[in-house]
Every structure is written in structure tokens, then in C-alpha cells.
Amino acid sequence: MNMHPEIDRDQMTPQQAIEILQQGNERFVKYGKHQYDMLAVRDELKDKQHPFASILSCSDSRTAVELIFDQNLGDIFSVRLAGNVASTLAIGSLEFSSQYLGSKLVVVMGHSNCGAVKAACDHFKGGNIGEIIQMIDPAVSQEKSEEDNRTSSNPTFVEKVCWQNVNQQIENIKNQSEIISEMIEKKEIGLIGAVYDLATGHVQFDL
Ligand SMILES: [Zn+2]
């Protein structure tokens, strides 16, 4: 069954949504895959959806949010773009889930060893990938603590840019979305950053 039916979801606070994700991630770290009854849920959700969280994350094949937060169909409104960049279309998707689907929380989630972040660290240019890299560039410039090796061959630099990028995309959302900013002000939704560790499976929230 769906773990978060509509009536429970509507009464949920943003903080409770964070806790549900944290608990799901703990289960994933400990046990890996959980087997849900997707057939029953698929039937239940055929006419409507009531996700409790919206997550902007990287398209990386290792960061499927339903798996790493141990959630079922219908629980997470997932927006995925390389480098978890908050493009206009990504922000529009988050506005849709927050305003019209009643999702209580927006998470911007980066991850360790992200190819898009590493490409930005190395000032990659080319094709439409360049548009994504341009959206990560400000995070590279704002990370000033690493002075010596500011390339993807420096894991510390990459990790710091990853967090900086999460914060940068959160700023983009706040600056470009009146809908989301107003909902945050009214405490109808929360907005939080997080980074997923590919090696351990653990998600660190920016609490
Ligand atoms: Zn990535």
C-alpha cells in the first residue's frame, strides 16, 4: 500500500516530510531494496497522486530517489536533471507539485562524484551540456577555500562545489519562483538541500 495516503499527507508538516525521508534512507542504508506491493498502489493511484515530497536531483543512474529514500510509487514527485540544476522548467515542475499536488517539501539533492559537477570544475564546454555547466559555474567561482588544485582531480574541491551547487540551485529556486517563496513564507512547504553519498548510500540533509 501507499505509505502516505492523501489525508495523512495533507496534515503532514515539512519537518515530518524530512523525517520520513531520513527514516527511509536509513532503511536503504541498512537493508538496500524493499519490496513494495506496487500493483495495489498502481491501482490506487490511477486517478490521482498525492506525493509528500518533491526532489530535484541528478539524472545519474545511481541516484534514483524512490530507491534511496525507500519510498513507493506516488510518494515522491521527482525532477531529475544532470547536476540537479534548477532550470526554469525544473522550477516550473516544482511549482506544480507544491501548489497543485500539495507536496510539503522541496529537496535539492546533489551527490558525491557527480559528473556534471566535475565537468563544471574542469570548465567543460560543448553542445547542450554546456548549458547545464553554465548553471553550475557560479558554484565553482563561489567555492574559494581550495586554492591549489581547482580541478575534478581534487575530491575535496569537487565535494565543496557539490554542496555549493546545491545551495546555488536553492537560491535560483527562491529568486525565480514567487509561488515557492510565498509557500515557504506561509510555512506551507519546506525547502532544503541534501547530498547523497554513492559509497555509503547515506543522504546528508543540510539541517
Ligand atoms: Zn550527477
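Here is a short exchange about a predicted model, covering its zinc site, a helix and its cores.

Visitor: What makes Cys 58, His 111 and Cys 114 donors of the zinc ion?
Guide: Donors are N, O and S atoms within 2.8 Å of the metal. Cys 58 (SG), His 111 (NE2) and Cys 114 (SG) coordinate zinc at 2.1 to 2.2 Å, so they count as donors. Their spacing along the chain is C-x52-H-x2-C. Cys 58 sits in the loop between strand 1 and helix 4, and His 111 in strand 3, 53 residues apart.

Visitor: Why is Cys 58 called buried?
Guide: The cut-off for buried is under 20% relative accessible area. Cys 58 has 5%, so the word applies.

Visitor: And why does His 111 count as buried?
Guide: The relative accessibility of His 111 is 1%. Buried means under 20%, so His 111 qualifies.

Visitor: How do you know that the length of helix 7 agrees with its residue count?
Guide: Helix 7 has 14 residues, 129-142, and at 1.5 Å a residue should span 20 Å. Its end C-alpha atoms lie 21 Å apart, which agrees.

Visitor: Where does helix 7 bend?
Guide: At Ile 136, by about 35°. Pro 138 follows within four residues. Ile 136 is also among the buried residues of helix 7, including Ile 133 and Val 140. The buried residues pack against helix 6 and helix 8.

Visitor: Which element gives the most to the largest nonpolar core?
Guide: The core has 21 residues; Leu 21, Phe 69, Val 107, Met 109 and Phe 205 touch the most other members. Helix 2 gives the most, with five residues. A second, separate core of 19 residues includes Phe 77 and Ile 91.

Conventions
Residues numbered from 1 in each chain as written. Predicted model: local features only at pLDDT ≥ 70, side-chain atom pairs only at ≥ 80, totals over all residues. Heavy atoms only, no water. Core = buried A, V, L, I, M, F, W, Y, C linked by side-chain atoms within 4.5 Å. Buried < 20%, exposed > 50% of the residue type's maximum accessible area, 1.4 Å probe, protein only. Helix = DSSP H or I, 4+ residues; strand = E, 2+ residues; numbered from the N terminus. Expected span 1.5 Å × (residues − 1). Bend = angle between axes of the 7 residues up to and from the residue. Contact = heavy atoms within 4.5 Å. Donors = N, O, S within 2.8 Å, 3.2 Å for Na, K, Ca; no water.
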